[in-house]
Amino acid sequence: MNTIIDFMKRNYKILLVVVCLSATLFAFKINASKEEDPDKDKLLLELLTFVIQKGHYNPAAIDDTFSKGIYKDYIQALDPSKRFFLQSDIDEFSKYETELDDELLNKDLTFFNLTYDRLMKRMEESKKIYKSVLSQPFDYNIDETFNTDYEKAPYSKDEKELADKWRKQIKLSTLSSLTDRLKIQENKANGVIEQDDKVSSDFLNNGEKGKVDIINPAKEKSNKAVDAGKPKTFTELEKETRESALKSLDEYFGFMKDLDRNDWFSVYINSITSRFDPHTSYFAPEEKERFDVSISGKLEGIGARLQKKNDFTEISELISGGPAWRGKQLEAGDLVMKVAQGNEEAVDVVGMRLDDVVKKIKGPKGTEVRLTVKKVDGTIKVISIIRDIVEIEETYAKSSIVNKNGLKYGVIYLPKFYIDFENKDGRDAGKDIAKEVERLKSAGVSGIVLDVRDDGGGSLSTVVDIAGLFIEQGPIVQIKSAGRKKEVLFDKDKKIEWDGPLVIMVNSFSASASEILAAAIQDYKRGIIIGSKQTYGKGTVQNVIDLNQFVRNSAVGDLGAVKTTTQKFYRINGGSTQLEGVSSDIVMPDRYAYLKMGERDVDNAMPWDKIDPADYTVWNKNTNFNQAIANSKKRISQSSQFQLIEENAKWIDSRSEDNNYSLNIDKFKTAQNEIEEKAKKYKPLVDYKNALKFASLPYEMDEVNKDLILKEKRDRWHEALSKDIYVEEALNVLDDLQAKTIVKKSLPAKLKKEKLAKS
């Protein structure tokens, strides 16, 4: 969740000073090696420490407290579920708990080398454990339990205890899958359609949104788990669950095998950088490239998403509009066997790391790559593709139109504040939102909802551009660098792109740039903020600094980049959004409202503070502003659906503490049945559907008719909107914001006077 600000000239001058100071320090010969290069690692540690300390807004002191933070974060990152290290390992590691600050300053890799070597050893031992565990049937009649609260769980005291921990965890996973299969089979035998009975797993989880246990094999799609023919015996189903678990764990360890020493060293480095603040981090070269793609929404390549499938690389999806999609030869499910650059000899990529396969397939626009693929039907085919610029459609803003109460409204969804730093003429969120607003105006909308829910941020300059679309001119955000006077970023364009009713939708995961936009609109009283109680609470600005600019000798190889906090931003009213976020004008019940997931829940987050307000004039054209808020609050308080969401939120919170599971099949079934019975109460949340119909704008309809993939994506989005009670209420607010305007526009002059006289 990062806001990236374009490099300001004065910040760049500071970094030039850093370059001059460090030029001789880092300009020495290094033997670069992909697998292991201690000299390069030491250089990276020195360079990162130096750059962060010089450029960070408020650099932390590198002392014993700093060391303890590194130690805690790093050990947790290596073994979050405590299923690799033994207590004896931790006892050995803990001797370094207050020594890591000294190791960092002395460029000492002793601790990293020790933990890396031990982790590799323990992982190899764990592979033998899970294969042994899954080689024989489980006895589900034994009365035993397993607790999934790994944070509070102790480390295993010896190999025997560790093996038993693995056994219980895998047993819980297979037991869950087995009971699902048995239930589906029983329902089929009784003629019950499983989908109608099944309560969404969202309501059965323990409330830890987004938390994935990578050791726990993913549940299969249950409808496919049981054949439609003869019912299977318990023994057959039990064996199937073990085979599925074995396959999943094999794939997981295959992924882990792909990680080399450099990957693990990046984990260590990020444990160091994150102690300065949660948003300071290191990007290894591949990560930096992925970050650039995520912030710009484009790349140069063939336009295909890849995934690892055992030793093979599988095409998982073709990106709509990309060269592979246009060529119509490559398909999802194809396995890439070899890759050739134009007429050069093909390289066998079976067994190769996924990142390395991606590097071979990607390349500059206009160049040719030839893929030898095994098609879904088993045939082998060589496919030639000319690389091109690929736009990732999911990155970009999109809009929809809906008719409600005889009026037309527009909904714009902005997934992130994207920008192309390399090309000023490239796409960015500011320009695209301006286009969407203009298109909606042309379509005759009477109000606009701008949805930035789950939008984690992006470019600060685009926030200023977007906010400027809705005000005449004035300050948008204030920025403060360490030891300097504040700077105010203005919208200087007097033109207002949209002066009608406006609602901004936010939630707990709207962060950074989203919060700047919501805060500016709220301070001006230009629109109504509706959503969670408060947004994420990230009030800091980061710069991405290419570390290669500090090194004269290219023999060192690509050093990657560091993203470090250089500034804090403030609302135009003077308050920070740090920790506190933006409080919604209209608070809607949120299923995750009681879970700890914001900036305020991070132990080393920067503090909240306040500066002087900027000079701005509150918008005075929302005559129905306060009444619209009051009307919405009343609707929400009287809505049975919103009341149910609030109850569900409290239930999810209570479930988050329930981490103990019985491994006895009868007790497990009983417990799960009780949960499902309670969860049935919340099934109306899944089934909810409003009466609104959402559609694409005319320009997009032309594109949709030519592109079935895009059509499917838009259909899914429109269906989601038609089930979204939050969007529905946002549209109700638009109704309220312009209720008086409706009277003026829709009635003849004579009737208008009579109507107003009676009101």
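## Getting the overview

The protein has 26 helices and 22 strands in its secondary structure. Keep in mind that this is a predicted model.

**Exercise 1.** Work out what share of the protein's residues is buried, and what share of the accessible surface belongs to carbon and sulfur atoms.

*Solution.* Start with burial: 52% of the 759 residues count as buried. Next, take the surface, which comes to about 35,700 Å² of accessible area. Carbon and sulfur atoms hold 51% of that area.

## Two helix pairs

**Exercise 2.** Describe how helix α3 packs with helix α11.

*Solution.* First, find the helices: α3 covers residues 64-78 and α11 covers residues 261-273. Their axes lie 8 Å apart, at an angle of about 145°. The crossing of α3 past α11 is right-handed. Now for the side doing the touching: α3 brings Phe66, Ile70, Asp73, Tyr74, Ala77 and Leu78, while α11 brings Trp264, Val267, Tyr268, Ser271 and Ile272. Sorted by class, that contact has nine nonpolar residues, one polar and one charged.

**Exercise 3.** Decide whether α7 is roughly parallel or roughly perpendicular to α20, then list who meets whom.

*Solution.* Helix α7 (residues 159-189) and helix α20 (residues 665-679) pack at about 70°, with 11 Å between their axes. Angles of 65 to 115 degrees count as roughly perpendicular, so α7 is roughly perpendicular to α20. The crossing here is right-handed. On the α7 side you'll find Leu172, Leu175, Ser176, Leu178, Thr179, Leu182 and Lys183; they meet Ile665, Phe668, Lys669 and Glu676 of α20. By class, the contact splits into six nonpolar, two polar and three charged residues.

**Exercise 4.** Place Lys328 in the chain and say why it counts as exposed.

*Solution.* Lys328 sits in the loop between α13 (323-327) and β6 (335-341). Its phi is near 60°, a positive value in a residue that isn't glycine. For exposure, the cut-off is over 50% relative accessible area; Lys328 has 73% relative accessibility, so it counts as exposed.

Terms used. Residues numbered from 1 in each chain as written. Predicted model: local features only at pLDDT ≥ 70, side-chain atom pairs only at ≥ 80, totals over all residues. Heavy atoms only, no water. Axes fitted to C-alpha atoms, helices over the stretch in contact; angles between N-to-C directions. Helix = DSSP H or I, 4+ residues; strand = E, 2+ residues; numbered from the N terminus. Left-handed = near helix turned anticlockwise from the far one by under 90°. Contact = heavy atoms within 4.5 Å. Nonpolar A, V, L, I, M, F, W, Y, C, P; charged D, E, K, R; others polar. Parallel < 35°, antiparallel > 145°, perpendicular 65-115°, else oblique. Buried < 20%, exposed > 50% of the residue type's maximum accessible area, 1.4 Å probe, protein only. Areas by Shrake-Rupley, 256 points an atom, 1.4 Å probe, with all protein chains shown as cover.
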